[in-house]
Amino acid sequence: MNILKNINLLNQIFYFFVILLLTVFLKFNAQAHELWLEPVNFKFNNKEVSKIHINIGQNFMGSPFGYYDPNKKNLYLENINKVKDLPQRDGNFPAIQTLILDQGFHILNYETNYEFLKYESVEKFKDFLKEQDLESAVGNFDTNKIPTESYRRFAKALMTDGNKSFFIQKPKLDFEIIALTSPHKLQEEIFEFQLFEKGNPLENWKITIFSRDEENNYKEIVKTNPNGVGKIKIFDNRTYLISALKLDKANYIEKLKYKSDWFSLWATLVFKK
């Protein structure tokens with residue numbers, strides 16, 4: 001009995017330190033808004049546990065961190081037939097681990113709760129606006145007050161076991177990128193996607209495309225058409241991160257409720273050709 005009590009105590013201590021370290025890590029990386037999913041293997045094996053990192057960083061360079069359930073609003077795996085919730089254990093590393101039993105094309109979806117950020121200075125906020133090319137869109141703001149922001153992330157990863165099946169998701173998130181073509185069976189090497197906000201396509205929207213191979217990193221900017229559709233040419237043996245951002249000024253009621261001056265939504269879609 002004493003042995004069991006000691007084991008339970010050790011487990012509690014272990015999880016306490018896991019959560020503490022995750023909390024410190026997340027606060028340290030708070031100003032790196034962008035979050036994306038990156039499977040260890042984009043081509044999964046039905047007989048092995050698939051492991052997927054949750055990365056935070058910038059310009060497709062970042063750090064993976066362990067799973068922390070309070071950050072999660074939704075985590076699920078979707079294929080042509082069903083949607084499966086994926087409960088995880090705090091401290092998992094890689095963060096997401098699951099055995100994918102079904103065959104074919106799958107989409108892993110991760111949606112976070114709101115997180116709060118107070119910038120270190122007004123200059124840091126200006127740097128963020130400049131980096132994201134949002135200076136003209138935001139216009140003038142109160143430079144006598146350090147800005148605060150609430151943000152959420154909507155991340156997806158495309159995975160397959162080699163089967164050529166494909167399906168197009170129906171929009172259901174507040175902000176999301178949906179693949180319109182499969183990167184695994186393209187004839188003309190043109191990949192199409194669509195950007196949605198609450199089910200409505202976003203036209204003429206800036207989309208940042210990051211990609212990398214074994215030797216180089218690449219970046220390009222495209223804009224969506226009137227139907228919210230974007231197109232890019234993709235190349236073999238590259239990993240792609242498609243990223244979109246929406247930044248809005250909080251209204252009076254939102255300021256009272258969330259104590260934030262700004263709200264941002266971030267959508268990412270990752271796949272490997």
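This is a predicted model: local features need pLDDT of at least 70, side-chain atom pairs count only at pLDDT 80 or more; totals for chains, interfaces and linings use all residues.
1. A surface patch. Val49, Leu99 and Leu101 make up a nonpolar patch on the surface. Where does Leu101 sit? Leu101 is in the loop between strand 6 (96-99) and strand 7 (106-112). Its relative accessible area is 61%. Exposed means over 50%, so Leu101 counts as exposed.

2. Phe93 belongs to the loop between strand 5 (83-85) and strand 6. Is Phe93 buried or partly exposed? With a relative accessible area of 48%, Phe93 is partly exposed. Now look beyond its neighbours within four places in sequence. There, Phe93 is in contact with His53, Pro64, Phe65 and Gly66. Take Phe65 from that list. Phe93 and Phe65 are 28 residues apart in sequence, yet their C-alpha atoms are 7.0 Å apart in space.

3. A cis peptide bond. Which residues does the cis peptide bond join? The bond links Phe93 and Pro94, with omega at about -5 degrees. Pro94 also lies in the loop between strand 5 and strand 6.

4. A buried asparagine in a loop. Asn79 is in the loop between strand 4 (72-78) and strand 5. The relative accessible area of Asn79 is 8%. Buried means under 20%, so Asn79 is buried.

5. What the side chain of Asn79 meets. A polar atom of this side chain lies 2.8 Å from the backbone nitrogen of Lys82. The side chain of Asn79 also makes a polar contact of 3.2 Å with the side chain of Asp102. Which residues does Asn79 contact, leaving aside its neighbours within four places in sequence? They are Asp102, Phe105, His106 and Phe167.

6. Aromatic pairs. How many aromatic pairs does the structure hold? There are 15. One of them joins Tyr119 and Phe128. Their rings are 6.0 Å apart, centre to centre, with 40 degrees between the planes. This pair is tilted. Tyr119 is buried, at a relative accessible area of 3%. Phe128 is buried too, at 7%.

7. Phe125 and Phe128 both lie in helix 2 (residues 122-131). They are three residues apart, which is about one turn of the helix. Both are buried. Why is their ring pair called tilted? The ring centres are 6.3 Å apart and the planes meet at 35 degrees. Planes under 30 degrees apart would count as stacked, and over 60 as edge-to-face.

8. Ring pairs connect six named residues: Tyr119, Phe125, Phe128, Phe141, Trp262 and Trp266. Trace these rings in the structure, and you can follow the cluster.

9. Positive phi at Lys198. Lys198 has phi near 50 degrees, a positive value in a residue other than glycine. Lys198 is located in the loop between strand 11 (190-197) and strand 12 (200-201). Its relative accessibility is 60%, so Lys198 counts as exposed.

10. Positive phi at Asn237. Phi of Asn237 is near 60 degrees, again positive in a residue other than glycine. Where is Asn237 found? Asn237 is in the loop between strand 15 (229-233) and strand 16 (239-249). At 58% relative accessibility, Asn237 is exposed.

Note on methods:
Residues are numbered from 1 along each chain as its sequence is written. Side-chain values use heavy atoms; hydrogens and water are left out. Patches are made of residues with over 30% relative accessible area and no salt bridge: like charges are joined within 9 Å, nonpolar side chains (Val, Leu, Ile, Met, Phe, Trp, Tyr) within 5 Å. Accessible areas come from the Shrake-Rupley method with a 1.4 Å probe; for residues, only the protein chains shown count as cover. A salt bridge is a side-chain nitrogen of Lys or Arg within 4 Å of a carboxyl oxygen of Asp or Glu. Helices (H or I, at least four residues) and strands (E, at least two) are DSSP runs, numbered from the N terminus. Buried means under 20% relative accessible area, exposed over 50%, partly exposed in between (1.4 Å probe, protein chains only). Contact means heavy atoms within 4.5 Å. A polar contact is a pair of N or O atoms within 3.5 Å; within protein, one must be able to donate a hydrogen and the other to accept it, and residues adjacent in sequence count only if both atoms are side-chain atoms. Rings of Phe, Tyr and Trp (its six-membered ring) pair if their centres lie within 6.5 Å; planes under 30 degrees apart count as stacked, over 60 as edge-to-face and the rest as tilted.
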